[in-house]
Amino acid sequence: MIDQNEKVKTLPTAFWTDLHSLVAGLTEKKRQVIFFGRDIEGEARTEISPATDYFYLDRRRPGQDWPDAKGTDGAHGTLASKGVVASLHEPAYLLPVSSTPYFAMMRSSAGPTTSAIARWLNIVLDLEKVGDRLELRAVTRGDQMARLGKAQSATKLHIKILPGAMQSEEPQGRFGKALKEAQSVSYGSVSVDMTISYGNVEPDDAGGQELIRDVKELLNASTTFRKAEATVIVENEEGELVRDKIDFLRDRITVRQQIGADADEEPTPTVVLDAMFEAIREFRQEL
């Protein structure tokens, strides 16, 4: 949570519990937002097995984006023509990690992005009234961010994003905007590999510090990176200035978790939440 003076505020211990109660009491209309022209709706849900409270968000898919289906008669056709559903929704599950400000997220391949989820949270919490905003940030190891914080300047940044990574993003910094502009080629279906480097030249203080600010701004966004590395200048124990390479993805805490017994198992809430609890158990061991 960040206030109007750009200061980080500590979330209360009962944040997720209070949010669940708040969302549960909202009307359907107040739980709906429009993000980049797509309808996003969220719900506060409670599951019996496993017994837990969680949030369910979905992004509605327009009819022109529906897949085809094969009927019981063996014939293929549009899903709409089969008359079995009224609309299609790409889901995302948000499961709070108890006693922490963290949450685990599982979404379908085209489900709401972290940017869309952040937008939804800010609207349902009505944060604009008080001038605050809620940001979602990937959990990273403290060592990596501490090293960036202690750096006197930066000499190189190497970023790579996969196709479609910036389609739903609202880039804040100049590098984020450059990535989005570059990926707009072929309607976002290309990967982008960007390197900003001073080479062997030592940057002046202003240039090196500005690059560090750009790196922080980019890492605080919700973009999914395939590669994120920076070379910084730090002072070693002998007081000498040396270069240190930081790999932000390698240091980021990630947990790989299978959902269900196989790829064709129906992702019911029980199946999804069981897998998410297992991922959370592994995640806690990394903290």
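Which residues are buried in helix 3? That was my way into this predicted model, and I started my notebook there.

**Entry 1: helix 3**

I read off the buried residues of helix 3 as Ser115, Ala116, Ile117, Ala118, Trp120, Leu121, Asn122 and Val124. The helix runs over residues 114–124, and with 8 of its 11 residues buried I noted it as mostly covered. Next I looked up what does the covering. The list includes helix 1 (15–24) and strand 1 (32–35), along with strand 2 (38–47) and strand 3 (52–61). Strand 6 (88–96) and strand 7 (103–107) are also on that list. I then stepped just past the end of helix 3 and found Asp126 with a positive phi of about 55°.

**Entry 2: Arg45**

Is Arg45 buried, partly exposed or exposed? Its relative accessibility is 24%, so it counts as partly exposed; the cut-off for buried is under 20%. Leaving out residues up to four places away in sequence, I found that Arg45 touches His20, Thr52, Asp53, Tyr54 and Tyr56. I also checked Arg45 against Phe15: the two are 30 residues apart along the chain, and their C-alpha atoms are separated by 16 Å.

**Entry 3: charge**

I went looking for charge on the surface and came across a negative patch where Asp262, Asp264, Glu265 and Glu266 gather. Glu265 sits in the loop that links helix 7 (248–251) and helix 8 (269–286). Its relative accessible area is 32%, which makes Glu265 partly exposed.

**Entry 4: the whole chain**

How many helices and strands does the chain have? I wrote down 8 helices and 11 strands. The C-alpha trace spans about 75 × 45 × 40 Å along its principal axes. Of the 287 residues, 39% count as buried. The accessible surface comes to about 16900 Å², and carbon and sulfur atoms hold 48% of it. Last, I looked at contacts between residues at least 6 apart in sequence: 60% of them join residues at least 24 apart.

How values were computed: Residues numbered from 1 in each chain as written. Predicted model: local features only at pLDDT ≥ 70, side-chain atom pairs only at ≥ 80, totals over all residues. Heavy atoms only, no water. Buried < 20%, exposed > 50% of the residue type's maximum accessible area, 1.4 Å probe, protein only. Helix = DSSP H or I, 4+ residues; strand = E, 2+ residues; numbered from the N terminus. Contact = heavy atoms within 4.5 Å. Areas by Shrake-Rupley, 256 points an atom, 1.4 Å probe, with all protein chains shown as cover. Patch = residues over 30% accessible without salt bridge, like charges linked within 9 Å, V, L, I, M, F, W, Y side chains within 5 Å. Salt bridge = Lys/Arg side-chain N within 4 Å of Asp/Glu carboxyl O. Lys, Arg positive; Asp, Glu negative; His and termini not counted. Charge placed at Lys NZ, Arg CZ, Asp CG, Glu CD.
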